[in-house]
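Hi everyone, thanks for coming. Please have the sequence and the 3D view open while I talk, and stop me whenever you like.

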Amino acid sequence: PLGWTSWNAYATQVDQELVAATAKALVDTGLAAYGYSFVNIDSCWQGARDKAGTLALQPNPKRFPDMKGLVDDIHALGLKAGIYSTPMVLAWGGSPSMMLPGGSYYPLDPKHFHKYFGGCGERGFEKEDAAQFAAWGFDWLKYDWPNTDPDHAAKMRAALDATGRDVVLQLCTECKPQFAADYAKSSSVARGSMDTHEKWEYMVDPRWNILRIPDQWLKFIRPGFWYDMDMLAVGPMCIDRKVKAPRPGEPMPAEMKNRFSSDEIELQFWWWAMLPSPIVLSCDLMHIDELALSLATNDDLLAINQDYPATPVSYEKFENDTKRISTRRLSDGRLAIGFFNFVGDKPWSVTRNLGGLRAVRDARQQRDLGKLDKLEVTVPVHGCRVFLVE
């Protein structure tokens, strides 16, 4: 999948006007023409449960006064719409004062207790909520909870299927490789890492292992089941900033500018592409910068990411796994080779023999290099270089 989600872009400020404007921007920027088709609302859309009627979770009327109308407008642009929920009693995302309702209710299930958010309740509303999501017309559900267990995933999958609507189910945040076969029966997208953040130290920290955790999932990746590296932390955003999101037509506050270096932004795009992982943007698309837009619409990057049928990446590790060479054989016979310099304070110089003269293309610069028998590469700090070899 390719698309956009609201969390890094707008966090707790998400509302109907911003989502509608983002859907339009997805078309106006040309991203939709490149296949970015999902417009996903993350947490903080929730209001109260309809206790007197359907029992389904309803939107906050001040933020989303017409959820069905919003989804219809997204569909009218040729795009698809996504929404967020959880089997917990309380949803992640909001401040304690917001007390966002989740997909279950008390009493708490002792098998699924969580010390901060209470965990999952014994009374689940999968059937009611799935019916409401389908009635609104949603095409994607992000289902988010700790100890991401296959049982709750299966219950929601069954509830979504019962609506008769084709809905992508994304599972997160603590998916475990030993349950991959069970997850694949319920979902198309699974994630087992914390959220991306705009600090490179966090992205490479062994405690969180954002960039390296896919290693455990490579043997499970296939068409129809993707490991999710999470939304990219690229482009302007409101997350972790004391700034008010600009309304459509307003200038962007300077504080929203992305804090990563250009090399760190490029590495994210190419690392996601090579896995391959869903590429989901989460920035203010009305003010997306030229670098992020150029990478998101790089034909060679998308050719690698979208190659079908997908063959997962292979890795060679160097210098205590602070650097890697990644390779993927594409369906047209070409070999994608990526050089990644995660950790360190100096460029990485490396040579890769190609076993004879081969036609080489610099995928990052979208430039043919002619026939070469080896690649001599200097990889910048926290950066990458990617080539296509025939």
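I'll go through the core, then a helix, then the sheet, and finish with some charged pairs. One thing to keep in mind from the start is that this is a predicted model.

Let's begin on the inside. In general, nonpolar side chains tend to be buried together in soluble globular proteins. Here, the largest nonpolar core has 106 residues. Which of them touch the most other members? They are Trp 45, Leu 211 and Phe 269. If you look for the element that gives the most to this core, you'll land on helix α8, residues 262-274, with eight residues. There is also a second, separate core of 13 residues, and Trp 348, Val 360, Val 377 and Val 379 are included in it.

Now please click on Trp 45. Leaving out residues up to four places away in sequence, Trp 45 touches a whole list of others, among them Leu 57, Pro 59, Phe 64, Met 67, Ile 83 and Trp 136. Phe 133 is on that list too, so let's hop over there.

Phe 133 sits in helix α4, which covers residues 126-136. Is Phe 133 buried or exposed? Its relative accessible area is 3%, and because buried means under 20%, Phe 133 counts as buried. Beyond its sequence neighbours up to four places away, Phe 133 touches Trp 45, Ile 83, Ser 85, Phe 138 and Leu 141.

Met 67, from the Trp 45 list, takes us to helix α3, residues 67-76, where the buried residues are Met 67, Gly 69, Leu 70, Val 71 and Ile 74. What do these buried residues pack against? The answer is α2 (16-28), β2 (38-40), β4 (57-59), β5 (80-85) and α4. Just after α3 comes Gly 78, with a positive phi of about 85°.

Next, the sheet. Picture an open sheet of six strands, in the order β13-β14-β15-β18-β16-β17, with antiparallel pairing. At the edges stand β13 (314-318) and β17 (367-379), and each has a single partner strand, so one side of each is left without a neighbour in the sheet. On average, neighbouring strands here are turned by 15° against each other, direction ignored. Strand β16, residues 348-362, runs antiparallel to β17, and 11 bridges join the two. To see one of these pairs, find Arg 358, whose bridge partner in β17 is Leu 372.

Two arginines are worth a stop here. The first, Arg 364, lies in the loop between β16 and β17. With a relative accessible area of 19%, Arg 364 is buried, because the cut-off for buried is under 20%. The side chain of Arg 364 makes a polar contact with the side chain of Glu 266, at 2.5 Å. Among the other contacts of Arg 364 are Trp 270, Asn 298 and Cys 384.

The second, Arg 329, lies in strand β14, residues 323-329. Arg 329 is partly exposed, at 43% relative accessible area. A polar atom of the Arg 329 side chain lies 2.7 Å from the backbone oxygen of Gly 333. Arg 329 also touches Asp 307, Thr 311, Arg 334 and Leu 335, again without counting residues up to four places away.

Last topic, the charged pairs. How many salt bridges does a search of the whole structure find? It finds 27. One joins the side chains of Lys 24 and Asp 28, at 2.6 Å, N to O. Both lie in helix α2, four residues apart, about one turn of the helix.

Another salt bridge links Arg 165 and Asp 139, with the closest N and O atoms 2.8 Å apart. Arg 165 is in the loop between α5 (150-162) and β9 (168-173), and Asp 139 is in the loop between α4 and β8 (140-145), so this pair ties together parts that are 26 residues apart in sequence. Arg 165 is partly exposed, at 28%, whereas Asp 139 counts as buried, at 9%.

Definitions and conventions:
Residues are numbered from 1 along each chain as its sequence is written. This is a predicted model: local features need pLDDT of at least 70, side-chain atom pairs count only at pLDDT 80 or more; totals for chains, interfaces and linings use all residues. Side-chain values use heavy atoms; hydrogens and water are left out. A nonpolar core is a set of buried Ala, Val, Leu, Ile, Met, Phe, Trp, Tyr and Cys residues joined through side-chain atoms within 4.5 Å. Buried means under 20% relative accessible area, exposed over 50%, partly exposed in between (1.4 Å probe, protein chains only). Contact means heavy atoms within 4.5 Å. A polar contact is a pair of N or O atoms within 3.5 Å; within protein, one must be able to donate a hydrogen and the other to accept it, and residues adjacent in sequence count only if both atoms are side-chain atoms. Two strands pair if DSSP finds at least two bridges between them. Axes are lines fitted to C-alpha atoms, for helices over the stretch in contact, and angles run from 0 to 180 degrees between N-to-C directions. A salt bridge is a side-chain nitrogen of Lys or Arg within 4 Å of a carboxyl oxygen of Asp or Glu.
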